[in-house]
Amino acid sequence: PDGRWIAFLSRRDGDPDIHLMTADGTQRQSLTRDPAFDEFPGWSPNGEWILFDSNRSGRYQIYRMRPNGSELGQVADAPADDAVADWSPTGEQIVFESRRESEQYQIYVMNADGSNVLRLTHTAARNYHPDWSPDGKFIVFVSERDGGSEIYVMNADGADQRRLTFNLGAVRTPHWSPDGTLILFAADRAGNFDLYLMQADGSDLRQLTAHPAHDYSADWQP
């Protein structure tokens with residue numbers, strides 16, 4: 001949150017672990033060292049915790065740790081996969097995707113200690129990659145309820161779910177800009193994943209990258 005550090009997934013030591021580096025790419029260090037798959041790190045608003053998901057227990061679950069890798073612990077223990085979590089702006093709640101009540105992933109929220117779990121999406125198709133808006137009022141996410149994957153937005157309580165993208169191919173990892181006016185995401189409309197930007201209402205779509213290799217999982221500088 002202070003713009004000084006970047007948490008990311010890396011396989012540089014063999015296993016997919018969570019790593020940390022300064023914003024200029026120096027002081028690289030590994031925070032997790034486990035043969036399981038650790039992914040999707042996310043900072044708490046106060047910078048004191050990093051959320052990530054891992055299948056080290058045999059199924060994907062949500063964990064948190066200090067930015068130096070200490071005090072690592074599981075946030076909640078679900079009978080099915082929990083993954084891709086994001087903090088509310090206050091740090092009091094967590095939004096995440098889960099298969100705890102259905103075969104397909106759905107969007108849920110819970111308190112930061114894993115209590116008071118509430119399901120927000122109820123479709124037969126998959127809903128995933130949630131991201132909480134900076135003002136705490138909305139959650140943007142990806143849904144396959146219309147056949148392909150599209151970006152949707154809903155109120156933080158799950159009400160008023162609205163589709164924002166149309167026929168961009170596969171879309172992934174939407175993220176709000178710090179001021180809440182823009183959404184950054186990846187799509188393979190051109191045949192490979194590139195980065196795109198649009199207004200929070202889905203208008204003014206712009207392509208940011210056009211490289212023959214995949215570009216995805218982007219995030220904003222605070």
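Trainee: In which loop is the place of threonine 165?

Mentor: This is a predicted model, in which local features need pLDDT of at least 70, side-chain atom pairs count only at pLDDT 80 or more, and totals for chains, interfaces and linings use all residues. Residues are numbered from 1 along each chain as its sequence is written, and side-chain values use heavy atoms, with hydrogens and water left out. Helices (H or I, at least four residues) and strands (E, at least two) are DSSP runs, numbered from the N terminus. Threonine 165 sits in the loop between β15 (162-163) and β16 (171-176).

Trainee: Is threonine 165 buried or exposed?

Mentor: Buried means under 20% relative accessible area, exposed over 50%, and partly exposed in between (1.4 Å probe, protein chains only). Threonine 165 has a relative accessible area of 2%, so it is buried.

Trainee: Which residues does threonine 165 touch?

Mentor: A contact means heavy atoms within 4.5 Å. Not counting residues up to four places away in sequence, threonine 165 touches Glu150, Ile151, Phe185 and Met198. A polar contact is a pair of N or O atoms within 3.5 Å; within protein, one must be able to donate a hydrogen and the other to accept it, and residues adjacent in sequence count only if both atoms are side-chain atoms. The side chains of threonine 165 and glutamate 150 form such a polar contact, at 2.7 Å.

Trainee: What should be noted about the backbone of glutamine 27?

Mentor: Most residues other than glycine have a negative phi. Glutamine 27 is not a glycine, yet its phi is positive, about 55°. This residue lies in the loop between β2 (17-22) and β3 (29-30), and glutamine 27 counts as exposed because its relative accessibility is 52%.

Trainee: Where does glutamate 71 lie?

Mentor: Glutamate 71 is in the loop between β6 (61-65) and β7 (73-74). Glutamate 71 too has a positive phi of about 55°, although it is not a glycine. With a relative accessible area of 52%, glutamate 71 is exposed.

Trainee: How many helices and strands are there in the chain?

Mentor: The chain has zero helices and 19 strands. Buried residues make up 46% of its 222 residues.

Trainee: What radius of gyration does the chain have?

Mentor: The radius of gyration is taken over C-alpha atoms, and the globule rule is 2.2 Å times the number of residues to the power 0.38. The chain has 17 Å, which agrees with the value near 17 Å for a compact globule of 222 residues.
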